Amino acid sequence: MQLKSITAFLSVITVALGATVQNVLDDIAAAKAQAVTLENAIDSFPTTGGSLAQALAIHQQALNTVSALNKTTSDVETVPLPVSEADAASILDAVIDAKPVIENGLTDIVTKKSAIDALPISGLSALVEQDLKALNTSTLALGDDLIARAPADLLDEATSLRAEIAAAFVTAIAAYA
Ligand SMILES: *[C@@H]1O[C@H](CO)[C@@H](O)[C@H](O)[C@H]1NC(C)=O
Ligand SMILES: *[C@@H]1O[C@H](CO)[C@@H](O)[C@H](O)[C@H]1NC(C)=O
């Protein structure tokens, strides 16, 4: 290959591998939509008389949410730096927008603990705990990656957002531990 075509080839690879800020915003929107689906599965689990299928639906949606979060994280890691102030602010807004879904889901799963324990199959609470821990790890890993790339003036807000979300996970995980 000529040097010129090698250079052209490499620049195509770079474009193909790097995610854009729009990709990240789309990922966050998709992860939020997936979290809404998870929250709906939790919400529709009744306080008495829930079924194994309904409990496993929560588990499946938790796995799907971890995947959506991890896809977001891997795209964040390939966005060319530095990210502009405006783009960083849009990303922060998208996370702020998704936060109530996370918090509602975590509050809601705690209210379903005794209903989940009442299922005739043991071990489902432990499965919920495991899912909560996986969601916590994925969510906070994404938070850490965003914070590591945040411009200085957004750092405080991004850091307290992460702390609030982490605290909500601590409460929910403690209820299932
Ligand atoms: C998701 O990301 C977290 C944090 O990096 C990692 O610990 C976990 O193994 C990943 N899970 C999947 C299913 O990729
Ligand atoms: C949530 O994940 C973070 C980062 O991995 C970890 O430090 C923290 O202990 C986890 N929280 C709980 C309640 O397990």
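Predicted model: local features only at pLDDT ≥ 70, side-chain atom pairs only at ≥ 80, totals over all residues.

Residues are numbered from 1 along each chain as its sequence is written, while chains are lettered from A and ligands numbered from 1 in the order in which they are written.

**Stop 1: the whole chain**

Show the protein chain as a cartoon. You'll find seven helices and zero strands (helices are DSSP runs of H or I with at least four residues, strands are E runs of at least two, numbered from the N terminus). The C-alpha atoms fill a box of roughly 70 × 40 × 20 Å along the principal axes.

How much of the chain is buried? Of the 177 residues, 25% are; buried means that 20 or more other C-beta atoms, placed from the backbone, lie within 10 Å of the residue's own.

**Stop 2: helix α4**

Now select residues 85–111. This is α4, 27 residues that reach 40 Å from first C-alpha to last, close to the 39 Å expected at 1.5 Å a residue (the expected span is 1.5 Å times one less than the number of residues).

Zoom in on Ala-98, where α4 bends by about 30 degrees; that bend is the angle between axes fitted to the seven residues ending there and the seven starting there. A proline, Pro-100, follows within four residues.

Next, color the buried residues of α4, including Ala-88, Ile-91, Val-95, Leu-106 and Ile-109. What covers them? Among the covering elements are α2 (21–43), α6 and α7.

**Stop 3: ligand 1**

Click ligand 1 and show what surrounds it: Val-66, Asn-70, Thr-137, Ser-138 and Ala-141 (each has its C-beta atom, placed from the backbone, within 6 Å). Two or more of these residues come from each of α3 (52–76) and α6, and α6 gives the most, with three.

**Stop 4: ligand 2**

Hop over to ligand 2. Its shell holds Lys-133, Asn-136, Thr-137, Leu-140, Phe-169, Val-170 and Ile-173. Which helix supplies the largest share of that shell? It's α6, with four residues; α6 (124–149) and α7 (155–176) each supply at least two.

Definitions and conventions
Buried ≥ 20, exposed ≤ 12 C-beta atoms within 10 Å, placed from the backbone. Contact = placed C-beta atoms within 7 Å.
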